[in-house]
Amino acid sequence: MTTKRTPGMYQRKHTGTGGTLCPPKKDTTIPEFPDENVCPKAESKKEKKVEFSAFVERANPPNTEFRRFYERGDLPVQIDHGGVHNRIAWKVAIEKLDFHHYLPIFFDGLREIEEPYAFLSEQGVYDMMQVGSQKVLPVIPQLIIPIKTALNTRNRSVIVKVLKVLQALVKCDENSQNLVGQALVPYYRQILPVLNIFIRQNDNLGDGIDYGQKKRNGGLGELIMDTLEQFEIHGGDDAFINIKYLVPVYQSVIFN
């Protein structure tokens, strides 16, 4: 037996969805689940990207020895603004410098990201390694702490800068004694742990083309691999086993 419908049982005007583009409202009420092991999946508008603490940049205060000495006027360098690009002008011949004093100061400035400190420290390191390559070997123990401090900032631009300097460092005396690379082997424990963290940090472009390959700023993992290969080539017989211990994914370029 059917009951007679009253006017209140019908939809009122403008309450339906027929003939309109408005989608029906979703039922947002969470149903009750008898099983305690089953939980409703809450809808999130946008999933947050998880950033692991190992890759987060560390504090990099502007308190480097290089900045302190430069502001005090105790460094024999200044910027030469002539020409297209800025260059570094030395007030004293590089051969006459005390490398035990100045080279660690310039290496400490590698973690600088402000100008002119970043440019002067980086270019100063390259100039001193190029001109005074014979004086670099005795100073290696004093360079480890500045290198480790710069890598531990976890700043990608700083890491790229330090990696390029390390490649030049192990090759600075390859035409003579070739001992700088071997002198770095005992200090791999201070240098390589951060490289092991970022060694898989490559940009996945799919089938795209990387038009900025020459800059090598995007492929941090590839730059780390190149640096480790230079370490092995110039590090002597014990280099590979020490690299493999700290960076297990590394494969030798000499024994394979």
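Modeller: Here is a quick tour, from overall layout to single residues. This is a predicted model, where local features need pLDDT of at least 70, side-chain atom pairs count only at pLDDT 80 or more, and totals for chains, interfaces and linings use all residues. Residues are numbered from 1 along each chain as its sequence is written, and side-chain values use heavy atoms, with hydrogens and water left out.

Colleague: How many helices and strands are in the chain?

Modeller: Nine helices and two strands. Both come from DSSP runs: helices are H or I with at least four residues, strands are E with at least two, and numbering starts at the N terminus. Along the sequence the pattern reads α-β-β-α-α-α-α-α-α-α-α.

Colleague: What share of the residues count as buried?

Modeller: 34% of the 256 residues. Buried means under 20% relative accessible area, exposed means over 50%, and partly exposed is in between, with a 1.4 Å probe and protein chains only. The accessible surface of the chain is about 17,400 Å². Carbon and sulfur atoms hold 52% of that surface. Those areas come from the Shrake-Rupley method with a 1.4 Å probe; for residues, only the protein chains shown count as cover.

Colleague: And what about contacts in the chain between residues at least 6 apart in sequence: what percentage join residues at least 24 apart?

Modeller: 69% of them. A contact here is heavy atoms within 4.5 Å.

Colleague: Switching to helix α3. What span should its 15 residues give?

Modeller: 21 Å, and the end C-alpha atoms of α3 (residues 117-131) are 21 Å apart, so the two agree. The expected span is 1.5 Å times one less than the number of residues.

Colleague: Which α3 residues are buried, and what covers them?

Modeller: The buried ones are Y117, A118, L120, S121, G124, V125, D127, M128 and M129. Their cover includes α1 (65-72), β1 (77-80), β2 (87-90), α2 (99-108) and α5.

Colleague: Where does G109 sit?

Modeller: In the loop between α2 and α3. G109 is buried, at 0% relative accessible area. Leaving out residues up to four places away in sequence, G109 touches F66, Y117 and S121.

Colleague: Now charges. How many salt bridges are there?

Modeller: Five. The rule wants a side-chain nitrogen of Lys or Arg within 4 Å of a carboxyl oxygen of Asp or Glu. One of them joins E65 and R68, at 2.6 Å from N to O. E65 and R68 are three residues apart in helix α1, so about one helical turn separates them. E65 is partly exposed at 33% relative accessibility, and R68 is partly exposed too, at 38%.

Colleague: What does R67 pair with?

Modeller: E114, with the closest N and O atoms 3.3 Å apart. R67 is in helix α1 and E114 in the loop between α2 and α3, so the pair ties together parts 47 residues apart in sequence. R67 is buried at 11% relative accessible area, whereas E114 is partly exposed at 39%. R67, E112 and E114 are linked in a network of salt bridges.

Colleague: So is K161 buried or exposed?

Modeller: K161 is buried, yet has no salt bridge. The nearest side chain of opposite charge is E122, 4.8 Å away. For charge, Lys and Arg count as positive, Asp and Glu as negative; His and the chain ends are not counted. K161 is in helix α5 (residues 156-170).

Colleague: Which backbone oxygen lies 3.1 Å from a polar atom of its side chain, then?

Modeller: That of L110. Leaving out residues up to four places away in sequence, K161 touches L110, E112, A118 and E122.

Colleague: Last topic, backbone geometry. Which residues does the cis peptide bond join?

Modeller: E115 and P116, with omega about 5°. P116 is in the loop between α2 and α3. Most peptide bonds are trans, and most residues other than glycine have a negative phi.

Colleague: What is phi for R154?

Modeller: Near 60°, a positive value in a residue other than glycine. R154 is in the loop between α4 (140-151) and α5. R154 is buried, with 13% relative accessible area.

Notes
Polar contact = N/O pair within 3.5 Å; in protein donor to acceptor, adjacent residues only side chain to side chain.
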